[in-house]
Amino acid sequence: QGEVIETSDVRPTREQIQAALPSFTGELDQVPPIYSAVKVEGRRAYALARADKPVELKPRRIRIDEFRLLGTPDADHAEFEVVSGKGAYIRSLARDIALALGTVGHISALRRTAVGPFREDAAISLDKLAALGHSAPLSELLLPVETALDDIPALALTEAEGLSLRHGQSVAALPVVSRSPSVVVSQGAIVCAMADGKPVALAQIMGAEIRPLRVLNL
């Protein structure tokens with residue numbers, strides 16, 4: 001959609017693209033695309049861009065864990081697989097690697113295949129979801145809430161400590177952390193507080209305390 005704003009006759013080879021990938025892996029400073037939800041003086045960047053108003057976005061620190069070239073089906077296209085941290089814009093990544101290769105580029109197709117522990121192969125279509133409605137088979141497809149917390153360090157609490165967190169009260173960190181020596185936590189870390197094998201709260205290590213951020217009534 002929109003007007004073509006720049007073209008180039010340069011077509012990088014597969015070898016040139018492959019050689020550029022290491023420079024776009026790890027911690028990077030990235031400028032988001034102007035058609036993004038980033039706020040500029042209280043307004044979304046895409047709203048300003050659509051109104052033909054100037055948009056100046058500042059670089060943000062992002063992380064690209066993996067950037068793999070899958071193939072070059074023709075001279076005009078390259079296919080990639082990317083594993084990134086939050087806040088990374090793949091459109092900006094395509095823009096920047098094209099510029100580094102002495103040309104220009106954009107995304108022609110984009111597909112998200114995973115978010116944290118949730119993968120595309122375990123998803124169901126919206127049509128199937130609508131067909132199931134609130135029937136019993138739907139409950140068989142729902143994952144437990146704990147699934148979303150799998151990548152958050154878990155700390156075991158006593159029943160009394162769990163009750164305190166549920167009531168919005170802080171608990172002493174040292175006794176809790178000492179019971180989970182295999183769990184590495186640091187100041188400011190977000191943890192999943194568990195009691196009787198169930199998550200009771202998302203909490204944060206603050207000083208000598210574990211403070212509840214979100215109480216979970218499961």
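Guide: Helices (H or I, at least four residues) and strands (E, at least two) are DSSP runs, numbered from the N terminus. This is a predicted model, in which local features need pLDDT of at least 70, side-chain atom pairs count only at pLDDT 80 or more, and totals for chains, interfaces and linings use all residues. Residues are numbered from 1 along each chain as its sequence is written, and side-chain values use heavy atoms, with hydrogens and water left out.

Visitor: Which residues of helix H3 are buried?

Guide: Buried means under 20% relative accessible area, exposed over 50%, and partly exposed in between (1.4 Å probe, protein chains only). An α-helix has 3.6 residues a turn, so residues three or four places apart point the same way. In H3, residues 90–100, the buried ones are Ser-92, Leu-93, Ala-94, Ile-97 and Ala-98. Their cover includes helix H1 (14–20) and strands E1 (26–30), E4 (60–74) and E5 (77–84); contact here means heavy atoms within 4.5 Å.

Visitor: How many salt bridges does a search of the whole structure find?

Guide: A salt bridge is a side-chain nitrogen of Lys or Arg within 4 Å of a carboxyl oxygen of Asp or Glu. The search finds 10. One of them joins Glu-27 to Arg-61 (3.9 Å, N to O). Glu-27 lies in strand E1 and Arg-61 in strand E4, so this pair ties together parts 34 residues apart in sequence.

Visitor: Are Asp-29 and Arg-61 buried or exposed?

Guide: Both are exposed, and the side chains of Asp-29 and Arg-61 meet in a salt bridge of 3.2 Å, N to O.
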